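User: Could you walk me through this structure? I'd like to go piece by piece.

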Amino acid sequence: MTNNVQVLEAYKVVPVIQISSLDQVRPLAEQLITNDLPVAEITLRTKPSLTSLEVIAKEFPEILLIAGTVLNNQQAHSAFNAGASMIVSPGFSPQTIRFCLDNGLDIIPGAMTPGEMEQALDFGLKTIKFFPAEAAGGTKMLKAVSAPYKELRFMPTGGIHPANVNDYLALSSVVCCGGSWMVDPKLMADNDWPEVGRLIRHARTLTSNNSN
Ligand code: 3PG
């Protein structure tokens, strides 16, 4: 876990990606690597998501491969079999967490209430996805919960974009921020790979000086 979290901390941003066609996987992976953001959260919301994980795991091992929108332990199992190195869930599912811990698979569970944060700590998990970040109180909420939960660190996601990402990254409790703005599904559907690459590079440039 520590190693993967350190990688996330180094890159500061995690693109939340919806693959609608397998044709998108290789050009996307190339853009992530070329533009120095070898991190991908592939959401299990689309049909080709599991096969996309398999392709990236096999052909692009330099990418930190995360399965996102994992809602239960069966999906965690499928993502594990497909080669994901880490599981991210939008909500707090003890069964999913148990599966991951039992199988040595890193997990960042979603949590937005103090009760869920305490349960994460009970499982020995120190990093949670604060989701949906903006709707759940944003940086103000993170500052408030960091007072009692000093060991807890956050990957805020949901409503984060270029104009507010550095506000989150300025907090020492924030490991990295997730967001879908970095990889626009429409640009991928249009095969506009130069623009996909430009947005990835922009996210890196925008955040790389933020040292919290
Ligand atoms: C997620 O899938 O984790 C979030 O829905 C991404 O949120 P965003 O689209 O607001 O970045």
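This is a predicted model: local features need pLDDT of at least 70, side-chain atom pairs count only at pLDDT 80 or more; totals for chains, interfaces and linings use all residues.

User: Okay, strand 2 then. How many of its residues are buried?

Analyst: Strand 2, which spans residues 39-43, is mostly covered, with 5 of its 5 residues buried. Val-39, Glu-41 and Thr-43 point one way from the strand, while Ala-40 and Ile-42 point the other way.

User: Which strands pair with strand 2, and in what sense?

Analyst: Strand 1 (residues 13-17) pairs with strand 2 in the parallel sense over 2 bridges, and Ile-17 stands opposite Ile-42 there. The chain gets from strand 2 to strand 3 through helix 3 (residues 49-59), in a β-α-β crossover that is right-handed.

User: And what handedness does the unit with strand 1, helix 2 and strand 2 have?

Analyst: Strand 1, helix 2 (residues 25-34) and strand 2 form a β-α-β unit that is right-handed.

User: Since helix 4 came up, where does Gln-74 sit, and is it buried or exposed?

Analyst: Gln-74 lies in helix 4, which covers residues 73-82. It counts as exposed because its relative accessibility is 55%, and the cut-off for exposed is over 50%. The C-alpha atoms of Gln-74 and Val-88 are separated by 14 Å, and these two residues are 14 residues apart along the chain.

User: Back to helix 2. Which residues are buried there?

Analyst: Val-25, Leu-28, Ala-29, Gln-31 and Leu-32 are buried in helix 2. They lie on the same side of helix 2, because they cover an arc of only 160 degrees around the axis. What covers these buried residues includes strand 1, strand 2, helix 3, helix 9 (185-189) and helix 10 (193-207).

User: New topic, the ligand. Which residues surround it?

Analyst: The ligand is surrounded by Val-16, Arg-45, Lys-129, Phe-131, Thr-157, Gly-158, Gly-159, Gly-179 and Ser-180.

User: What about polar atoms within that group?

Analyst: An N or O atom in the side chain of Lys-129 is 2.6 Å from an oxygen atom of the ligand. For Ser-180, a side-chain N or O atom is 2.5 Å from an oxygen atom of the ligand. Gly-159 takes part through its backbone, where an N or O atom lies 2.7 Å from an oxygen atom of the ligand.

User: Which residues other than glycine have a positive phi?

Analyst: Lys-12 is one of them, with phi near 70 degrees, and it is placed in the loop between helix 1 (2-11) and strand 1. Lys-12 counts as buried because its relative accessibility is 13%, and the cut-off for buried is under 20%. Asp-36 also has a positive phi, of about 60 degrees, although it is not a glycine. Asp-36 is found in the loop between helix 2 and strand 2, and it counts as partly exposed because its relative accessibility is 33%.

User: Why flag those backbone values?

Analyst: Because most residues other than glycine have a negative phi, and most peptide bonds are trans.

User: Last one, what does Ser-146 touch?

Analyst: Ser-146 is placed in helix 7 (residues 138-146) and, not counting residues up to four places away in sequence, touches Phe-154 and Ser-173. A polar contact of 3.4 Å joins the side chains of Ser-146 and Ser-173, and the side chain of Ser-146 also reaches the backbone oxygen of Leu-142 at 2.8 Å.

Methods
Residues are numbered from 1 along each chain as its sequence is written. Side-chain values use heavy atoms; hydrogens and water are left out. Buried means under 20% relative accessible area, exposed over 50%, partly exposed in between (1.4 Å probe, protein chains only). Helices (H or I, at least four residues) and strands (E, at least two) are DSSP runs, numbered from the N terminus. Two strands pair if DSSP finds at least two bridges between them. A crossover is right-handed if, with the strands pointing away from the viewer, the path from the first strand over the helix to the second runs clockwise. The arc is that of the directions from the helix axis to the C-beta atoms. Contact means heavy atoms within 4.5 Å. A residue is near a molecule or strand if one of its heavy atoms lies within 4 Å of it. A polar contact is a pair of N or O atoms within 3.5 Å; within protein, one must be able to donate a hydrogen and the other to accept it, and residues adjacent in sequence count only if both atoms are side-chain atoms.
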